[in-house]
Amino acid sequence: YPEYRALQKEFHDGMVLYEMNTEKVWAAAMKDSTGLEKFYQQNLAKYVDPQTSLPQPLDEIRAVVITDYQEYLEKLWVEQLNKKANVVINEDVLKTIK
């Protein structure tokens with residue numbers, strides 16, 4: 001059954017992508033305290049308290065900084081993948097999906 005096989009492959013690929021994303025982005029940001037601190041220091045202007053004009057302490061806004069760091073790591077990962085793989089989109093197939 002080709003449709004079932006295709007569905008299985010899609011499910012498998014989705015699970016692999018989820019696991020890789022978890023490992024390379026979400027878990028990495030949670031474990032890498034040095035990288036998080038460096039990211040915070042490099043982006044201090046983004047975390048300035050408008051009332052005091054001073055950067056908010058990392059301990060107080062840790063969840064926000066982790067979210068930003070995860071987005072940054074994901075962007076880097078996608079850039080690395082784009083450098084490694086030549087993605088070709090079949091426009092005819094894409095039109096049938098839409």
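**Setting up**
I am working with a predicted model, where local features need pLDDT of at least 70, side-chain atom pairs count only at pLDDT 80 or more, and totals for chains, interfaces and linings use all residues. Residues are numbered from 1 along each chain as its sequence is written, and side-chain values use heavy atoms, with hydrogens and water left out.

**Entry 1: helix H1**
H1 has 30 residues and reaches 42 Å from its first C-alpha to its last, close to the 44 Å expected at 1.5 Å a residue; the expected span is 1.5 Å times one less than the number of residues. I also found a bend of about 40 degrees at Thr22, the bend being the angle between axes fitted to the seven residues ending there and the seven starting there.

**Entry 2: Asn21**
Is Asn21 buried or exposed? Asn21 is buried, at a relative accessible area of 15% (buried is under 20%, exposed over 50%, partly exposed in between, with a 1.4 Å probe and protein chains only). Val25 and Ala29 of H1 are buried too, and the buried residues of this helix pack against H3. Leaving aside neighbours within four places in sequence, I see Asn21 in contact with Trp26, Glu74 and Trp77 (contact means heavy atoms within 4.5 Å).

**Entry 3: helix H3**
The 23 residues of H3 should span 33 Å at 1.5 Å a residue, and the end C-alpha atoms are 33 Å apart, which agrees. Its buried residues, including Leu73 and Trp77, pack against H1 and H2.

**Entry 4: salt bridges**
How many salt bridges does the structure hold? I get 2, each a side-chain nitrogen of Lys or Arg within 4 Å of a carboxyl oxygen of Asp or Glu.

Asp13 and Lys9 meet at 2.8 Å, N to O. Both sit in H1, 4 residues apart, about one turn of the helix. Asp13 is partly exposed at 35%, while Lys9 is exposed at 52%.

Asp68 pairs with Lys46, the closest N and O atoms being 3.3 Å apart. Asp68 lies in H3 and Lys46 in the loop between H2 and strand S1, so the pair ties together parts that are 22 residues apart in sequence. Asp68 is buried at 13%, whereas Lys46 is exposed at 56%.

I noted one further partner: a polar contact of 2.6 Å joins the side chains of Asp68 and Tyr47 (a pair of N or O atoms within 3.5 Å; within protein, one must be able to donate a hydrogen and the other to accept it, and residues adjacent in sequence count only if both atoms are side-chain atoms).

Notes. Helices (H or I, at least four residues) and strands (E, at least two) are DSSP runs, numbered from the N terminus.
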